[in-house]
Amino acid sequence: GNGILLRGEGYYSIDATVTVNAAAASEVTLALYQDGQPIQGATATAVAAAIGDQISVPLTAMVKLNCNCMESVITVVAVTAATTNNLAIRVVKE
């Protein structure tokens with residue numbers, strides 16, 4: 001699918017590193033979303049010096065899955081234009 005499926009009530013620690021090719025010489029901003037909504041504080045920005053620069057953008061977050069919601073989907077969203085090369089993500093249920 002297009003996201004990481006979390007199952008079961010509790011807290012989850014999320015660490016992601018996204019490698020992108022910049023569409024322009026500018027900032028590249030990525031964010032983590034939970035069920036289609038941005039996770040507060042889970043946004044990261046890196047600066048590309050030129051078009052096509054390959055940069056890594058780290059993202060971290062702690063999310064909670066409530067007892068009334070047994071599943072949740074975590075996605076990475078490019079806030080600015082960039083082409084994703086690789087996504088490494090680690091999710092740990094605390």
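The model is a predicted one, in which local features need pLDDT of at least 70 and side-chain atom pairs count only at pLDDT 80 or more, whereas totals for chains, interfaces and linings use all residues. Residues are numbered from 1 along each chain as its sequence is written, and side-chain values rest on heavy atoms, with hydrogens and water left out.

The chain contains seven strands and zero helices, where helices (H or I, at least four residues) and strands (E, at least two) are DSSP runs numbered from the N terminus. Along the sequence the pattern is accordingly written as β-β-β-β-β-β-β. Taken along the principal axes, the C-alpha atoms fill a box of roughly 45 × 25 × 20 Å. Of the 94 residues in the chain, 32% are buried, a class defined by a relative accessible area under 20%, with exposed residues over 50% and partly exposed residues in between (1.4 Å probe, protein chains only). The accessible surface comes to about 5500 Å², and carbon and sulfur atoms account for 50% of that surface; such areas come from the Shrake-Rupley method with a 1.4 Å probe, and for residues only the protein chains shown count as cover. Among contacts in the chain with a separation of 6 or more, 77% join residues 24 or more positions apart, a contact being defined by heavy atoms within 4.5 Å. The chain carries 4 positive and 7 negative charges, whose mean positions lie 11 Å apart; Lys and Arg count as positive and Asp and Glu as negative, while His and the chain ends are not counted, and each charge is placed at NZ of Lys, CZ of Arg, CG of Asp or CD of Glu.

Strand β1 (residues 4–7) is joined to strand β6 (residues 71–78) by four bridges in the antiparallel sense. Within this pairing I4 has I74 of β6 as its bridge partner, and L5 stands opposite V73 in β6. Strand β6 also pairs with β3 (residues 27–34), again in the antiparallel sense, over five bridges, and here A31 is partnered by V77 of β6.

Residue I39 lies in strand β4 and is buried because its relative accessible area is 10%. Beyond its neighbours within four places in sequence, I39 is in contact with L32, Y33, Q34, A61, V63 and I74. The C-alpha atoms of I39 and T75 are 10.0 Å apart in space, although the two residues are 36 residues apart in sequence. In the loop between β5 (54–65) and β6 lies C69, which is partly exposed, with a relative accessible area of 26%.

Strand β2 (residues 10–22) and β7 run antiparallel and are joined by 11 bridges.

Residue T19 belongs to strand β2 and stands opposite N86 in β7; T19 counts as buried because its relative accessibility is 15%. Not counting residues up to four places away in sequence, T19 touches Q54, I55, S56, T83, T84, N85 and N86. Residue S13, also found in strand β2, counts as buried at 14% relative accessibility. With its neighbours within four places in sequence left aside, S13 is in contact with A61, M62, R90, V91, V92 and E94.

Notes. Two strands pair if DSSP finds at least two bridges between them.
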